[in-house]
Amino acid sequence: MAIQRTLSIIKPDAVAKNVIGDIIRRFEENGLSVIAARMLHLSAEEAGRFYAVHKERPFYKDLCAYMSSGPILAMVLEGQNAVALNRQLMGATNPKEAEAGTIRADHAESIEANSVHGSDSVENAATEVAFFFGDIELHSRR
């Protein structure tokens, strides 16, 4: 198994509900380490650049509006197969389909306000991490 890095974002709905600690606890209890973190409030333009891959999708404008509606916590997680493990811990995008005990099953409000974002591949993780963090901000704890 490979040590990987992945981007995780605690989205505005979860930040507003004050469940940051619970989400981070779940990552750490399952072998993922937070190696960088920063809270910020994205502008609609910044959210649009981050989600540019979805620009032609019908949900793009709503997604950008939602992601710029309040503060987020962007983090880099590191660990064995971090990309897949993070996605497993998050649960299905639609919280109604998420397995019991996953972050989205426990905290998400809807398919739009689904509490967390996680990179979907090692390649996308590298791009997404670089969007929020420079190399000097990444501090491996292994």
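## Helix numbering and the model

Helices are DSSP runs of H or I with at least four residues, numbered from the N terminus. The model described here is predicted.

Helix α2 covers residues 20–29. Arg25 and Asp22 sit three residues apart in this helix, so about one helical turn separates them. The two form a salt bridge. Their closest N and O atoms are 2.5 Å apart.

Both partners are partly exposed. Arg25 has a relative accessibility of 36%. For Asp22 the relative accessible area is 21%.

## Salt bridges from α2 to other parts of the chain

The structure holds six salt bridges. One of them joins the side chains of Arg26 and Asp106, at 2.8 Å from N to O. This pair links distant parts of the chain. Arg26 belongs to helix α2, whereas Asp106 lies in helix α6 (residues 103–107), 80 residues apart.

Another salt bridge pairs Arg141 with Glu28. Here the closest N and O atoms are 3.7 Å apart. Arg141 lies in the segment after α7 and Glu28 in helix α2, so this pair ties together parts that are 113 residues apart in sequence. Arg141 is exposed, with a relative accessible area of 52%. Glu28 is partly exposed, at 42%.

Shared partners also build a network. Salt bridges join Asp22, Arg25, Arg26, Glu29 and Asp106 into one such group.

## Glu128: buried, without a salt bridge

Side chains of opposite charge can pair when their charged atoms come close. Glu128, in helix α7 (residues 122–132), is buried yet has no salt bridge. The nearest side chain of opposite charge is that of Arg87, 7.4 Å away. A salt bridge needs the nitrogen within 4 Å of a carboxyl oxygen.

Glu128 does have a polar partner. Its side chain makes a polar contact with the side chain of His117, at 3.0 Å. Beyond its neighbours within four places in sequence, Glu128 is in contact with Leu7, Phe50, His117 and Ser119.

## Leu63 in helix α4

Leu63 lies in helix α4, which spans residues 60–67. Leu63 is buried, with a relative accessible area of 13%. Not counting residues up to four places away in sequence, Leu63 touches Tyr51 and His54.

Glu137 lies 74 residues from Leu63 along the chain. The C-alpha atoms of Leu63 and Glu137 are separated by 27 Å.

Methods: Residues numbered from 1 in each chain as written. Predicted model: local features only at pLDDT ≥ 70, side-chain atom pairs only at ≥ 80, totals over all residues. Heavy atoms only, no water. Helix = DSSP H or I, 4+ residues; strand = E, 2+ residues; numbered from the N terminus. Buried < 20%, exposed > 50% of the residue type's maximum accessible area, 1.4 Å probe, protein only. Contact = heavy atoms within 4.5 Å. Lys, Arg positive; Asp, Glu negative; His and termini not counted. Polar contact = N/O pair within 3.5 Å; in protein donor to acceptor, adjacent residues only side chain to side chain.
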